[in-house]
Amino acid sequence: MGATSVLKARPAPPASPAGPPAARRRTRRTPVGPGRRRQRAGMLMVAPALLHAALWIGLPVVASVVLAFTKYDVLTPPQFVGLDNFREMLGDAVFRKSVVNTVIYTFFTVPFGMLLGLLVALALHTGLKARGVFRTAVFLPQVTATVAIALVWLWIYNPDNGLLNTLLSFLGIEGPAWLASTSWAMPSVILVGIWQGIGMKMLIYLAALQSLPKELYEAASVDGASKVRQFFSITLPLLKPATFFVLITSMISAFQSFDQIYILTDGGPANSTTMMTYEIYKSAFREFRVGYACAQSLVLFVLLMGFTLVNRRIMGGTRGHN
């Protein structure tokens, strides 16, 4: 009887408030590692740039695609017209001419500019004296305002007292009216485009050349390979990623050429130098046909995307040889 009363009086042990050990392990928060913290910090740092791109790039792109199927003149609300803008483009002889001129301009400026940029980079990659001065001189047109460059070339091409015709007169050659001739206007504009774009191409190729492994050239020299053989068997294959990058960026830049056309020729004479970007500008800001200009911009985007995919397929992407 006494033992029973003692057992009844003994208090029960208190229950664990957190439950069994497995439950406590499940409710415990996993500590955030340094990798996760760096990832969050990186996202916070790029958030302003992403917001800026979404507001000022993404939103206008979406609006342009939508307005391409409307009739919109800024003053009145847009009216949905379906594919009428694209049908009008098919019958627009001036716009078709601008597409042809843009392709011709790109066809000549891009490959010749890439070739000259590669040659200059190879020359500066060797033991050339005063390499820094030459690099600055070649790259200077790239960072100079296009309008200023166009004004200088406008004086060079002046048929009366321009530098080019003055030099030709010393050789007994009568120079033409370069920018006023339907035969010479496009070659003149192409020359300006090639000259201005050499600097950036040279810089990219020069950086790629300086990153190539020297061991391959040493092994090739031991095997008796000449400099020409080393260039075609080692340098060119290893420059494939840089070449693809230069090709794509140069094509995009050529398709978007506007400043020099606006200053040098204003699309003339007789629309011989008009470009797609110049026609988009005229449709939007001179004729206030914003819907039609957006449709033209969409065609330009599709052409650029198509050329990029074709070049990627031809060159096998950006992966170089090992």
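**Exercise 1. Classify Arg 87 by its accessibility, then find its salt-bridge partner.**

Step 1. Arg 87 has a relative accessible area of 52%, so Arg 87 is exposed. The classes are buried for under 20% relative accessible area, exposed for over 50% and partly exposed in between, with a 1.4 Å probe and protein chains only.

Step 2. The partner is Asp 84, with 2.7 Å from N to O. A salt bridge here is a side-chain nitrogen of Lys or Arg within 4 Å of a carboxyl oxygen of Asp or Glu. Asp 84 counts as partly exposed, at 39% relative accessibility.

Step 3. Both residues belong to helix H4 (residues 84-90), where they stand three residues apart, about one turn of the helix. Helices (H or I, at least four residues) and strands (E, at least two) are DSSP runs, numbered from the N terminus.

Before going on, a word on the model: it is predicted, so local features need pLDDT of at least 70 and side-chain atom pairs count only at pLDDT 80 or more, while totals for chains, interfaces and linings use all residues. Residues are numbered from 1 along each chain as its sequence is written, and side-chain values use heavy atoms, with hydrogens and water left out.

**Exercise 2. Which residues outside its sequence neighbourhood does Asn 101 touch, and is Asn 101 buried or exposed?**

Step 1. Start with the location: Asn 101 lies in helix H5, which spans residues 93-125. Its relative accessibility is 3%, so Asn 101 counts as buried.

Step 2. Contact means heavy atoms within 4.5 Å. Not counting residues up to four places away in sequence, Asn 101 touches Met 186, Asn 271, Ser 272, Thr 273, Thr 274 and Met 275.

Step 3. Look at Met 186 in particular: it is 85 residues from Asn 101 along the chain, and the two C-alpha atoms are separated by 8.2 Å.

Step 4. Thr 102 is buried, with a relative accessible area of 0%. Leaving aside neighbours within four places in sequence, Thr 102 contacts Phe 255, Met 275 and Met 276.

**Exercise 3. Assign a geometry to the ring pair of Phe 107 and Phe 108 and to that of Tyr 281 and Phe 285.**

Step 1. Rings of Phe, Tyr and Trp (its six-membered ring) pair if their centres lie within 6.5 Å; planes under 30 degrees apart count as stacked, over 60 as edge-to-face and the rest as tilted. The structure holds 15 aromatic pairs.

Step 2. The ring centres of Phe 107 and Phe 108 are 5.3 Å apart and the planes stand at 90°, so the pair is edge-to-face. Phe 107 is exposed at 56%, and Phe 108 is partly exposed at 34%.

Step 3. The ring centres of Tyr 281 and Phe 285 are 6.0 Å apart with planes at 35°, so that pair is tilted. Both lie in helix H14 (residues 276-286), four residues apart, about one turn of the helix.

**Exercise 4. Find the cis peptide bond and a residue with positive phi.**

Step 1. Most residues other than glycine have a negative phi, and most peptide bonds are trans.

Step 2. The bond from Gly 268 to Pro 269 is cis, with omega near -10°.

Step 3. Phe 288 has a positive phi, near 55°, and sits in the loop between H14 and helix H15 (290-315).
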